[in-house]
Amino acid sequence: MPTILRYGIAILSVAIANGLAFLVLRYFEAILTPFLFAVAVTVWYAGTGPGVLAIALSVISLNYFFLRPSFSFSPISSADLVYLTFCIFCALGVGWVSAVRRHAEQELRQARDELEVKVVERTADLRRSERYLTETQKLTHTGSWAWDARSQKVLYCSEEMFRIYGLDPQEDLPTRKNFRQRVHPEDRNRVDERFARVVNEKVDSFDEYRVLLPDGTVKHVISSGHPVLDGNGELIAFIGTATDVTERRRAEEALRDREAKIRRLVDSNIIGIFITGLEGRVLEANDAFLHLVGQERDDLVSGRIRWTDLTPPEWRERDKRALAELNSNTIARPYEKEFFRKDGSRVPVLIGGALFEEGGNEGVAFVLDLTERKCAEEALRESEAKIRRLVDSNIIGIFVWDFDGRILEANDEFLRMVSYNREELFSGCIRWADLTPPDWRDRNNARIEQQKSSGRFEPFEKEFTRKDGSRVPILIGGATFEEGGNQGVAFVLDLTERKRAEQALVRSEAYLAETQKLTHTGTWAWDARSQKVLFCSEEMFRIYGLDPEVDLPTRRNFRQRVHPEDRNRVDERQARVVNEKVGSFDEFRIVLPDGTVKHVSSTWHTFLDGNGELIELIGTATDITERKYAEEALRASERSARSALDGIAGLVAIMTPNGEVETVNRQCVEYFGRPVEEQKDWVTTDMVHPEDLPDMLENFKRAIVSEIPYHFEQRLRRFDGEYRWFETRGGAVRDDTGSIVRWYVLLTDIEDRIRALARLAQAQLELAHANRVATMGQLTASITHEVNQPITAAVTYALAARRFLSAAPPNFHEVDDALSRIVKEGNRAGEVVGRIRALIKKAPARKDAVEINDAILEIVALTRTEAADNNVSVRTQLAEGLPHVQGDRVQLQQVLINLIINAIEAMRDVGEEEREVLISTRREPDGVSVEVQDSGPGFAPADLDRVFEAFYTTKSDGLGLGLSICRSIIEAHDGRLWASPNVPRGAIFGFIAPAHPAARIVSGAPLH
């Protein structure tokens, strides 16, 4: 109220009192009454100051007009003075009451204003929470939904739910049928059964399944649901969530890829990178940096490279500023400088760096060689083109403006937003000042001033007027191109859809409150000063079986639900939390009125004031009953798995992903005679034969690192000290992400098999020897010819020597020559006999370096007579420069003899002019191949697969063992024996013998 009006009330009220006293009340001896009311009214409505004025005017009026003599000022009697004083105090009392009233009104108005502010803040918080919820669902890839059990219809479905299932919210109805069709066919029946069960049993649900999109994309989804019941326990709705966890499975692989990319970035040497201390020493650097400064890695290792020494004097001041920036911000922005090369030349660089930790003394620097500045300029042009593409992509509205109000340039999205076309833009008729409605211009002008002073303005909400007069809500922010400039750029986001999103968010928040019940976690807060519960969630009431409408959230009510056996311990734990002012964690049981026992996990957290006094205690209570049941089921499952493990006939061990023994079955304990704890130290004990341990460890470690199943043989020590051969097979068990969770190892006793194989090998060796002896018998004529020829020659030379000695005079020169020839022929006969003895001799197989062509020529010479007797022509085509093959020379020659003899015998019924055997050799990628071709009748295609079978023969006098033995010999040499038809007739038998390791490198290149 204005001051003049307040004092006017005082004057007016006294004037009215004078009028009443003159006209009415002077005849009733109540003259003071109107003045008393005048003072009271003035004090009540106008305040203390005008009240004092009213008192003074009233006293003057009474003295002048009403105290005798009238119309003159006279002394006031003591009686009147007492009465006047009483009236004054009454007026002052009324004034005090009035002041109290006004103060109360002011406080009420202030409280109302604060309440309005809080309402506005709460509304803003709610909208922000709604935005956060939407973004949270997008970030967590979690959709939510609600289904009406009575109408069998979907009440609500979030946008993220549509996105996860690949549905369009504008086209596809949110029906259960549409979502069910997206479930993978292999999972669909199981999901239907799970949903039917939870609806019938009215229980919570949790499931994981796959979603198959129309384009073939497969997603992995985790779904959870919660039933909503009415007062009668009838199902009225079902709410749930669906989380896309596809990316989670790819996250670890992506993380490994990113780490590899960073490592490749350093090793790719695209830019120079070095780690340094602030004192100047270069601790580590990649090859690109060393090449940049012309240094060697030996210089780096020796500590001779210091970046302070690499810096020319004129650049050291700039380095000091960069160091100061590092110390203050932990980051030094890139700047240009020069480095000395080792030869004294300079290289221009762009360098930037950062400390590994705040306040640390070491950091990393990135150095770019600026010698190729033209490349950088080209990259800059490409970057500008990318920015141009960003503008033209029309993701948001962008326009260039000036402070005069003109829009100089704009992209299509902005023009669409304000409903103008590009011709109107070019004509200059679009002005951002004209687009702003009048009610937004004050705020708009404030942002313009902000931009003029700081060069930018923070994004804020406003409206633009479209061409048709309608308005569009927007979020706008911008900046000038340069400080103090007149032009800038603005980014505009259309907020038309935000209102719809806010409304949807309100609904989503309600659904989120229901969704939180899925975690079975209640929350509470307790005031330590008033000893009262400040807050208790609905889920807290549900867990403890209390009715929030009936039961008070008191500590006593909750305590009564704690199991009697756990109650004292819970009281002691809470008392310790309060007294020691520390957080705590506990698990206990609660008993509901119907006898149901629940397991609860509870946490407490303390809040202290500035003096360290406890003011509040907050906590959570989680119903873990189902988890307890699951743990018990898991223990039962483990007992069952242990029984199954002990029931396996072999020795079984379970190992951790890094290869440590986790447990073994009963058979392992019985075989080794050691407990599980001792078997975990198997590397340092004698459980594995010392000769087998190195190779076994190498194979085992290779399998663990490569995560590939392994298989090898080893000898293991039995409890009685005997070592027995075991076949060891290890397989990995992986989780859904592909990571190994454990190894299963099966040890199978193969001692009896090893001994049987050794006996079989010995039998095969003896059979091969018998075959050689039989073959030698068949070549008796050839052998006789080969031995007889050098002996006959030696006798002839002896007779000639006798004639030369009988001559007169004796011709000693000719005698010496004849004797030399006798020695040569004798050695020749000895070599033939030696080769025959080697073929007949019974000896173990060897692995020597064999010159295959020499071995073939010896066999050709040995079978020459047999071939001549059968009118067979034997030709050879032996490749030169062949590597030595690895094998037993005698066994390889036995194979050649068998193949040549078979070829000679196969041509007995062929005309003599057509009998020919061709023996050829050639180099192969994995060794040397030998082929024996004949021109005999060949064999039928049906016999091709049986020619190497034991006891199968096409000869009337054959046993069918020769080719079978040949195949065993070649396969024992890690080679291959085959048969094929010859063109135009005959057969081809060939084999490949592997090259000797010493001959695998030919002319500096591997043979294979």
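Predicted model: local features only at pLDDT ≥ 70, side-chain atom pairs only at ≥ 80, totals over all residues.
Residues are numbered from 1 along each chain as its sequence is written, and side-chain values use heavy atoms, with hydrogens and water left out.

**Overall composition**

- The protein contains 32 helices and 34 strands; helices (H or I, at least four residues) and strands (E, at least two) are DSSP runs, numbered from the N terminus.
- Of the 1008 residues in the protein, 38% are buried. Buried means under 20% relative accessible area, exposed over 50%, and partly exposed in between, with a 1.4 Å probe and protein chains only.
- Among contacts in the protein with a separation of 6 or more, 52% are between residues 24 or more positions apart; contact means heavy atoms within 4.5 Å.

**Helix α12**

- Helix α12 covers residues 316-329, which is 14 residues. From its first C-alpha to its last it reaches 20 Å, close to the 20 Å expected at 1.5 Å a residue; the expected span is 1.5 Å times one less than the number of residues.
- Asp319, Ala322, Glu325 and Leu326 are buried in α12. They lie on the same side of α12 because they cover an arc of only 115° around the axis, the arc being that of the directions from the helix axis to the C-beta atoms.
- Lys320, Asn327 and Ser328 are exposed on the other side of α12.
- Packing against the buried residues of α12 involves α11 (307-310), β8 (331-340) and β9 (346-355).

**Helix α25**

- Helix α25 (residues 693-706) has 14 residues, which should span 20 Å at 1.5 Å a residue; its end C-alpha atoms are 20 Å apart, in agreement.
- The buried residues in α25 are Leu693, Met696, Leu697, Phe700, Ala703 and Ile704. Their arc around the axis is only 135°, so they are on the same side of α25.
- The elements that cover the buried residues of α25 include β21 (651-655), β23 (710-717) and β25 (740-749).
- Glutamate 707 follows α25 and has a positive phi, near 60°.

**The antiparallel sheet**

- Strands of a sheet pair through backbone hydrogen bonds, either parallel or antiparallel.
- Five strands make an open sheet in the order β2-β1-β5-β4-β3, and the pairing is antiparallel; two strands pair if DSSP finds at least two bridges between them.
- β2 (153-157) and β3 (205-212) are the edge strands, each pairing on one side only.
- From one strand to the next, the twist averages 25°. Axes are lines fitted to C-alpha atoms, for helices over the stretch in contact, and angles run from 0 to 180 degrees between N-to-C directions.
- Strands β1 (residues 142-148) and β5 (residues 235-244) run antiparallel and are joined by seven bridges. Aspartate 148 has alanine 237 as its bridge partner in β5.
- Helix α7 (residues 185-201) lies across β1, β3 and β5 and runs at about 155° to β3.

**The mixed sheet**

- Another open sheet has five strands in the order β27-β29-β30-β32-β31, with mixed pairing.
- Its edge strands, each pairing on one side only, are β27 (873-877) and β31 (976-981).
- The twist averages 15° from one strand to the next.
- Seven bridges connect the antiparallel strands β30 (residues 927-934) and β32 (residues 987-994). Glycine 927 has proline 994 as its bridge partner in β32.
- Helix α29 (residues 852-862) packs on the sheet and touches β27, β29 (916-924) and β30, with a direction at about 170° to that of β29.
- Helix α31 (residues 889-906) also packs on the sheet, touching β29, β30 and β32, and its direction makes about 175° with that of β32.

**Glycine 485**

- Glycine 485 is in the loop between β14 (471-480) and β15 (487-494).
- Glycine 485 counts as buried because its relative accessibility is 15%.
- Beyond its neighbours within four places in sequence, glycine 485 is in contact with Phe403 and Thr480.
- Glycine 455 is 30 residues from glycine 485 in sequence, and the C-alpha atoms of the two are 8.2 Å apart in space.

**Cysteines**

- Zero disulfides are found in a search of the whole structure, a disulfide being a pair of cysteine sulfur atoms within 2.5 Å.
- Cysteine 429 is partly exposed, at 43% relative accessible area, whereas cysteine 966 is buried, at 0% relative accessibility.
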